Structure formats: C-alpha cells, structure tokens
Amino acid sequence: MRIDCEVHAFRRETRCAAPVIDGSLQELEGAARDCAVTGLVLVQPAFLNDDPTELFAQASEATMPVRLIPPLVQPLASEVLEAWGRSGAAGLAVSLDNPDPLAESFKAALQLGLHLEVSGGIDGREHLAELLLADGHRLVFRGFGLADCVRDPAWDQRLERLLALAKGAEVWVKMSGIARVPDGWDRAAARKMLEALGPEQLLFGSEWPHMTAAHAYVPSYAQTIAWFETLVPDEHARGRMLGETAAALYDFRNQDPVYVRKIAE
C-alpha cells in the first residue's frame, strides 16, 4: 500500500468561507489513485471545529481503505470513543495547550488503542509529551512537529528536542504542510529527521485539499507527491514511510477496503 497520512474530506456545502472547495471523498480518492496512493487517513479540517459528524459521513462513502482522526477538544465518555474506534478512528487530533480536562479521555483512548496526533508543535510541551509516553501513549506530531518554520533547522533547538524525545520512543513525525513551509527549510528539516529517526518513525501527509483565503487547489495533489519526493529522494525510504510505517501505525494491514462503509451501514 501507499498511504497518505493526512487528507481533508468535506462536502462543498460545509465550506462556509471562501474559497468554495470540493473536498469530497470521491475527489480525494480520484486524485490519490492518479498518484498510485491506495489508502487515506482523514483528518478533520479546522473549519469543521469539534463535531466529527461530517468526517464520519465522508468516510462512510469510501471505496478505498481509509482511517480517521477525529478531534478531541473536550472530555468525552469512553463509550463515545469506543464507537469512534468501531467506525474507523485510529487516533485523535489533540492540542497539548490545556490537557488536564482531557486526562480521563486520554486514558480511555489509550485503553482503546487510539494514538494521539498533536498539532501546534513540541514547543514548550516536552514534559507533557514525556508524561504521555511514560503512560504508554503513542504520539504523532503533525506538520514536522514544530509550531513554525522561521528558524534554520541546523540550529533549531526545538527540532533537537523533538528528535531526542522521539528517538527510541513511540513517536512519529508527519512531514506535512506544503502550503505553509518554505523551500529549503523543508528539505533541511527532512534531512535531519531521516538521519535521526529513519523512515520507521516518519510519515507523509499531503493535507490536500489546501485551503487558504485566496485560492483553492494550489498546489495540486500531484504536486504534493512531487514535493514529498524532493524531501525524501531515497525511493526505499519513501516506500517505507508510505507503506510499512503508515500501515502499521494506522492499522491498514488487515483492513477491508469497504470496512468503514460496512460498519456505517
């Protein structure tokens, strides 16, 4: 399999602000197949807030294997999280800005085998991440694991702390954010991550479709794949990131292509 570990699925009518983008699963699957991508991880876009109804509705229409990352922004009963897991959720999108109210939900997620996908970077959250890892959580850091990309990766102490935290731990870092990171920075950061962690702890996410205030489909899905190829020029490493690493973390290995649709029905 070749798995894109972060795409955004939504109906056109749910996009209230400009631009009007078609993020339907049919559109996503078509673009993915054109690039030989055969599995998708659906991460809820920020404009849908904390209600995962649209996410699960889109997933129910899947014709290729998909996994879901719904948001956890307020405490939820373990029964709700268990139902999400039955409906295709592999993890939860979280921020570590104020984790205390979510402690019980984190515990339930751990018991259900759901990992935590952290946005906002590692900056100042190292101790919280260490505590979560000590409890047995698996952590995925989105967007290269940093809050911004204004510092040179060669001298960025935040990146050094992230790599030190991740080495030998149940931590993965997602190379994503083509619409946000500048040329040169992304390649330097990817190089350091590959040297320190290897493809066994690295993932790729296109974050497609990309939504900005000014335009819709820039870059195209094919361009996100080309971007990834520049970040990871070694074909074996790319294959591992898109294949074995992603399949194991998101449990694609034994998934029926219509798994989510079947249980939704």
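This is a predicted model: local features need pLDDT of at least 70, side-chain atom pairs count only at pLDDT 80 or more; totals for chains, interfaces and linings use all residues.

Tutor: Strand E4 (residues 91–95) gives the most, with 3 residues; strands are DSSP runs of at least two residues and helices (H or I) of at least four, numbered from the N terminus. The largest pocket holds about 770 Å³ of space, the volume filled by probe spheres set on its grid points, which are joined across faces, edges and corners. A pocket is an open set of points on a 1 Å grid over the protein atoms alone where a 1.4 Å probe fits, with protein on both sides within 12 Å along at least five of seven lines, and lining residues have an atom within 4 Å of a point. The lining numbers 32 residues, of which Glu6, Ser119, Arg142, Arg180 and Glu207 are the closest to the centre.

The second largest pocket contains about 220 Å³ of space. Helix H4 (103–112) and helix H5 (126–134) each contribute at least two residues to the lining of this second pocket, and H4 has the largest share, 4 residues. Leu96, Pro99, Asp100, Ala103, Phe106, Lys107, Leu110, Leu128, Leu131, Leu132, Asp135 and His137 line the second largest pocket.

Residues are numbered from 1 along each chain as its sequence is written. Local features need pLDDT of at least 70 and side-chain atom pairs 80 or more, totals for chains, interfaces and linings use all residues, and side-chain values use heavy atoms, with hydrogens and water left out.

The chain has a mean pLDDT (the predictor's confidence in each residue, from 0 to 100) of 88, and 88% of its residues reach 70 or more. Helix H10 (residues 259–264) has the lowest confidence, at a mean of 42, whereas strand E8 (residues 202–205) has the highest, at 98.

Elsewhere in the chain, there are 5 aromatic pairs, meaning rings of Phe, Tyr and Trp (its six-membered ring) with centres within 6.5 Å; planes under 30 degrees apart are stacked, over 60 edge-to-face, the rest tilted. Phe56 and Trp84 are tilted because their ring planes stand at 45°, with centres 6.1 Å apart. Phe56 belongs to helix H2 (residues 53–59) and Trp84 to helix H3 (residues 78–86), so that pair links distant parts of the chain, 28 residues apart. Trp208 and Tyr221 form an edge-to-face pair, their centres 5.5 Å apart and their planes at 75°. Trp208 lies in the loop between E8 and helix H8 (221–231), and Tyr221 in helix H8. Phe144, Trp185 and Trp227 form one aromatic cluster.
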